[in-house]
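Colleague: I am new to this structure and would like to learn how to read its features one at a time. Could we go through it together?

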Amino acid sequence: MSVQDDLAAVKRCLEDLVRTVGQLERSITAERGAAQAPPAGRPENLVTIPDTPYDSGLWTDSDDEGLGARDRHAP
């Protein structure tokens, strides 16, 4: 292949890319227009998780998931 052939192939690929991106942009614009606006305000089922550390007493006598109990050894 010559340099001209390579350049022509690159140009075709670039034109295909530009066309595909344009179609995608139009599709997204149409979907956004058809979608309903999200409700204003904060959802009622949202739970706030505090940044403060949990009480370590909550984890007393718990097993490490997948590791088993602390005082026992694997067979």
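Colleague: Is R19 buried, partly exposed or exposed?

Modeller: Please keep in mind that this is a predicted model. Buried stands for under 20% relative accessible area and exposed for over 50%, with partly exposed in between; R19 has a relative accessible area of 46%, so R19 is partly exposed.

Colleague: With which residue does D16 form a salt bridge?

Modeller: Side chains of opposite charge can pair when their charged atoms come close. Here D16 pairs with R19 in a salt bridge, where the closest N and O atoms are 2.5 Å apart, and the structure holds 1 salt bridge. D16 is also partly exposed, at 36% relative accessibility.

Colleague: How many residues apart are D16 and R19 in helix 1?

Modeller: An α-helix has 3.6 residues a turn, so residues three or four places apart point the same way. D16 and R19 are 3 residues apart in helix 1, which is about one turn of the helix.

Colleague: What span should the 32 residues of helix 1 have, at 1.5 Å a residue?

Modeller: They should span 46 Å, and the end C-alpha atoms of helix 1 are 47 Å apart, which agrees. Helix 1 is hardly covered, with a count of 1 buried residue among its 32, while across the protein chain buried residues make up 3% of the 75 residues.

Colleague: Which residues make the nonpolar surface patch?

Modeller: V47, I49, Y54, L58 and W59 make this patch, which covers about 620 Å². One of them, I49, is found in the segment after helix 1 and is exposed, with a relative accessible area of 61%.

Key: Residues are numbered from 1 along each chain as its sequence is written. This is a predicted model: local features need pLDDT of at least 70, side-chain atom pairs count only at pLDDT 80 or more; totals for chains, interfaces and linings use all residues. Side-chain values use heavy atoms; hydrogens and water are left out. Patches are made of residues with over 30% relative accessible area and no salt bridge: like charges are joined within 9 Å, nonpolar side chains (Val, Leu, Ile, Met, Phe, Trp, Tyr) within 5 Å. Accessible areas come from the Shrake-Rupley method with a 1.4 Å probe; for residues, only the protein chains shown count as cover. A salt bridge is a side-chain nitrogen of Lys or Arg within 4 Å of a carboxyl oxygen of Asp or Glu. Helices (H or I, at least four residues) and strands (E, at least two) are DSSP runs, numbered from the N terminus. Buried means under 20% relative accessible area, exposed over 50%, partly exposed in between (1.4 Å probe, protein chains only). The expected span of a helix is 1.5 Å times one less than its number of residues.
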